[in-house]
Amino acid sequence: MYSLLVKRTTQVLWQSSSYSNIRTMATRIPARIAVAQMRSTNDKQHNFAQIQTITERAKANDVQFIFFPECCDFVGTHREETLKLSEPLTGPTVEQYRKLAREQNVWLSFGGVHESIVEETTSGQQVNKIYNTHILINNVGELVASYRKLHMFNVVTPEFKFRESETVRSGPALIPPVDTPIGRIGLQICYDMRFAEASTILRKQGAEILTYPSAFAMSTGRAHWEILLRARAIENQCFVIAAAQIGFHNKKRESYGHALVINPWGSILGEASNQDLDVVVAELDFEKLESVRTNMPCFEHRRDDVYNLSTRVGLPYTSSTISGEKYSFGDIPIPQETVFYVSEHCFAFTNIRCVVPGHVLVSTKRIAARLPDLSPAEISDFFQTVCKVQRAAERLYDATSSTVTVQDGPDAGQTVFHVHCHIMPRHVGDFPENDQIYGELNRHDKEPERPRRPTAEMAAEAARFRDEMFRMGL
């Protein structure tokens, strides 16, 4: 059986304690939060002193969670300085944040630190990369989630031009909403707010709170800041929390400020003043959230038969994840260590009996007997997942071709009446006649002389798939 979700330190890192009751509590008890407004410079210790001051002010108001803006670690004056000041999530800056959360016994959101990592290319070269990464730290100082900003702020306006991608890489995927003591939080950063699809996917996955920590430019802030944030709250019927940078960070860069908290009806619960160092304290009333969603059930009215959204929330998941969701193939429980990819509607896992090395399966989460039984959203997600897994299988098994087949119905050879696809990497000469593979596929799970593989072997192969898909950014 399977539970999901965690994508290494680039996605969700759960601590060992159980969160099974958090969401129930969150819908009943108002959550008291603080949202920060600050002005970062290239002086990291000065910026951390601001974070300490804000934390102390917020704690004096008995809050459970404090949200800090994008670039809370620093704002570089040029690309080279940004590269020099960036750190891995295991570096001293994040360690300071973890210590602060532990000492103050409070959850902290740092909405866009400069995360440096070293990645190895396919040719073996090491490359330094920077991501704009939103991290959550719990009240005992554990890093429990990280999200790398998807959308790069590459724009030209009459007042200024900015190309974030010249310094920062875009992240590979959304991460599903994170369970916390104040509710399920969907992580975003700044410019992401202009892409409504991402927020809608997070709501579909259970988000109650959407976060947009920002260092919003002045001209675009005056025109769009409040409008966009209220729109995201209204259309998704979620609380929206937007910590903000304000003022001049250096001679070339100025941020708009106006940190906001918005309720699911679109009403502003709190807004920061025009000063550099400010704290907005607000209560999130989850009875209001339930009321809005019950009285206007927009997400029940969505026309999935006409349009739908799918996302890469898969990428390698481990078993130390969100409770509750389990997987089976027909009536066969699947060992969780053999699953290597999970999307919104599908999961991929290694095979008990393989026709060729690398023969893996993709199945839908919902048990549906045949392809026409799937919804449009499931069909789209199913074939997108198949293509991603195929790419990884060919890379992992050094193949340039694959046999990809769905046995749809008993006369087509289907024996497990749960929609699934076989992905089999191919090589020259692997069968005397190319199409013999279909006969082998029909016999592969019936031959007594072909024993099932040990679970340990299947799990080891799943681990290799996870690593490969992570490297490929699928």
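The model is predicted, so local features need pLDDT of at least 70, side-chain atom pairs count only at pLDDT 80 or more, and totals for chains, interfaces and linings use all residues. Residues are numbered from 1 along each chain as its sequence is written, and side-chain values use heavy atoms, with hydrogens and water left out.

Start with the whole chain. The protein chain has 10 helices and 23 strands. Both are DSSP runs, numbered from the N terminus: helices are H or I with at least four residues, strands are E with at least two. Of the 474 residues, 56% are buried. Buried means under 20% relative accessible area, exposed means over 50%, and partly exposed is in between, with a 1.4 Å probe and protein chains only.

Now contacts, meaning heavy atoms within 4.5 Å. Take the contacts between residues at least 6 apart in sequence: 72% of them join residues at least 24 apart. The accessible surface of the chain is about 20,400 Å², and 49% of that belongs to carbon and sulfur atoms. Those areas come from the Shrake-Rupley method with a 1.4 Å probe; for residues, only the protein chains shown count as cover.

Next, the annotated site. An unreviewed UniProt entry carries the annotation "binding site" for Asn351, Gln407, Gly413, Gln414, Thr415, Val416 and His422. UniProt positions are in the numbering used here, feature names are shortened, and annotations may be inferred rather than shown by experiment. I will take two of these residues.

Where does Asn351 sit? In the loop between β20 (346-350) and β21 (360-364). Asn351 counts as buried because its relative accessibility is 6%. Beyond neighbours within four places in sequence, Asn351 touches His359, Leu361, His444, Arg453 and Met458. The Asn351 side chain also reaches the backbone oxygen of Arg353, at 3.0 Å. That is a polar contact: a pair of N or O atoms within 3.5 Å; within protein, one must be able to donate a hydrogen and the other to accept it, and residues adjacent in sequence count only if both atoms are side-chain atoms.

Gln414 is in another loop, between β22 (401-405) and β23 (420-426). Is Gln414 buried or exposed? Buried, because its relative accessible area is 4%. Leaving out neighbours within four places in sequence, its contacts are Ala369, Arg370, Gln407, Asp408, Gly409 and His420. A polar atom of the Gln414 side chain lies 3.0 Å from the backbone oxygen of Ala369.

On to the rings. The whole structure has 16 aromatic pairs. Rings of Phe, Tyr and Trp (its six-membered ring) pair if their centres lie within 6.5 Å; planes under 30 degrees apart are stacked, over 60 edge-to-face, the rest tilted. Phe347 and Phe349 are stacked, at 5.4 Å centre to centre with 25° between the planes. Both Phe347 and Phe349 are buried. Phe382 and Phe383 are edge-to-face, because their planes stand at 80°, with centres 5.1 Å apart. Phe382 is buried at 0% relative accessible area, while Phe383 is partly exposed at 36%. Ring pairs also link Phe48, Phe68, Tyr97 and Phe110 into a cluster.

Last, charges over rings. The rule is NZ of Lys or CZ of Arg within 6 Å of the ring centre and within 35 degrees of the ring normal. Arg148 lies over the face of Tyr131, 3.9 Å from the ring centre. Arg203 has its charged end over the ring of Phe299, 4.0 Å from the centre.
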